[in-house]
Amino acid sequence: MKIHKGANAFKSEKQTVVTIGTFDGVHAGHQQIIKRLVDAAKIENLESVIFTFFPHPRMVLQKESGLKLINTIEERTEILEDTGIDHLVVHPFTQQFSRLTAQEFVRDILVNRLKAKKVIIGYDHRFGRNRTADINTLKQFGEEYGFEVEEITKQEVDQVAVSSTKIRNALLQGRVEQANNYLQTPFSLKGVVVRGRGLGKEFKYPTANVSIKEDYKLIPKNGVYVVSSTIDGEKYFGMMNIGTNPTVGGEEQTIETYFFNLDKDLYGKELRIEMLTRIRAEKKFSSIEALKIAMRQDEAFSKQYIRDNYAQ
């Protein structure tokens with residue numbers, strides 16, 4: 001897969017089949033569209049192109065929404081790399097770009113830059129300044145500029161019954177198993193292990209405190225989770241706490257993971273941690289001893305969950 005930073009950087013000898021979208025999460029519905037894109041490109045001897053945006057349009061046009069994304073742009077790129085597409089165009093979404101008319105977008109981007117011979121798009125796709133143009137407008141432009149429009153119908157979209165919004169809501173409510181079903185792969189957090197307050201060692205639960213640099217990355221609801229990570233080529237399971245550690249007077253949100261059967265210095269290492277299920281909500285315990293008892297119970301739950309679901 002070739003990655004192009006913006007439409008102006010795109011190069012292809014052949015004409016293309018294009019789909020357009022943010023593809024946050026690259027969930028089951030997205031995967032269906034991508035498969036259709038790849039199959040059409042092979043049948044018609046075209047190059048397959050995903051035209052996506054960064055930042056997400058709502059992060060530019062509706063800053064007050066505080067939108068958080070399922071994937072960082074790096075994660076989204078990594079997932080799309082495994083889908084068999086030929087080209088990923090990551091176009092910078094700016095106020096200026098949002099003001100392009102529908103005709104300017106079609107003529108200047110789709111036709112002149114991306115060499116579109118075919119566009120595969122959802123029935124409800126809207127584009128152009130103020131999102132005033134719809135799929136019927138696109139079909140009219142197709143006749144004018146010589147490309148075909150293949151519509152993904154409402155029935156096809158409804159059959160999938162999944163959306164990026166549903167996944168975000170599930171994660172914000174702590175329902176990671178439901179989110180993972182939608183995504184068809186575990187939701188993950190990726191960051192560098194930094195030094196924390198060192199309290200885990202005092203409790204005999206030394207934790208890896210992960211710092212995530214992308215402030216737009218969605219963090220699931222505070223609580224305790226069963227997780228896994230591949231570290232130096234080996235898979236380790238553990239339990240993660242997302243929250244402020246109120247029992248010990250914490251105030252800032254941290255992401256801390258205790259890995260079972262792991263005795264390594266992880267400081268400075270970048271980890272991708274997959275979230276498997278939620279154990280419980282974070283709470284303020286009456287004493288440190290009560291917190292320790294709860295952590296032992298969390299560990300027992302985690303190990304039983306792993307035996308039930310991941311036993312060799």
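Figure 1. The expected span of a helix is 1.5 Å times one less than its number of residues. Helices (H or I, at least four residues) and strands (E, at least two) are DSSP runs, numbered from the N terminus. This is a predicted model: local features need pLDDT of at least 70, side-chain atom pairs need 80 or more, and totals for chains, interfaces and linings use all residues. Residues are numbered from 1 along each chain as its sequence is written, and side-chain values use heavy atoms, without hydrogens and water. H1 has 17 residues, which should span 24 Å at 1.5 Å a residue; the end C-alpha atoms of H1 are 24 Å apart, which agrees. Asn-45 follows H1 and has a positive phi, near 55°.

**Figure 2. The largest pocket.** A pocket is an open set of points on a 1 Å grid over the protein atoms alone, where a 1.4 Å probe fits, with protein on both sides within 12 Å along at least five of seven lines; lining residues have an atom within 4 Å of a point. The volume of the largest pocket is about 1,400 Å³. It has 44 lining residues, and Ile-20, Gly-21, Thr-22, His-125 and Arg-131 are the closest to its centre. H1 gives the most to this lining, with five residues. Strand E2 (16-20) and helix H8 (164-172) are among the elements that each supply at least two. The lining holds 16 nonpolar, 18 polar and 10 charged residues.

**Figure 3. Aromatic pairs.** Rings of Phe, Tyr and Trp (its six-membered ring) pair if their centres lie within 6.5 Å; planes under 30 degrees apart are stacked, over 60 edge-to-face, the rest tilted. The count is 13 aromatic pairs. Phe-51 and Phe-53 are edge-to-face, because their ring centres are 5.4 Å apart and their planes stand at 90°. Both residues are buried. Phe-54 and Tyr-216 make a tilted pair, 5.3 Å centre to centre with 55° between the planes. Phe-54 lies in strand E3 (47-54) and Tyr-216 in the loop between strands E8 (208-211) and E9 (223-231), so the pair ties together parts 162 residues apart in sequence.

**Figure 4. Charges over rings.** A charge sits over a ring if NZ of Lys or CZ of Arg is within 6 Å of the ring centre and within 35 degrees of the ring normal. Arg-195 has its charged end over the ring of Tyr-267, 3.8 Å from the centre. Lys-303 has its charged end over the ring of Phe-260, 5.1 Å from the centre.

Key: Buried means under 20% relative accessible area, exposed over 50%, partly exposed in between (1.4 Å probe, protein chains only). Grid points are joined across faces, edges and corners, and a volume is the space filled by probe spheres set on the points. Ala, Val, Leu, Ile, Met, Phe, Trp, Tyr, Cys and Pro count as nonpolar, Asp, Glu, Lys and Arg as charged, and the others, Gly among them, as polar.
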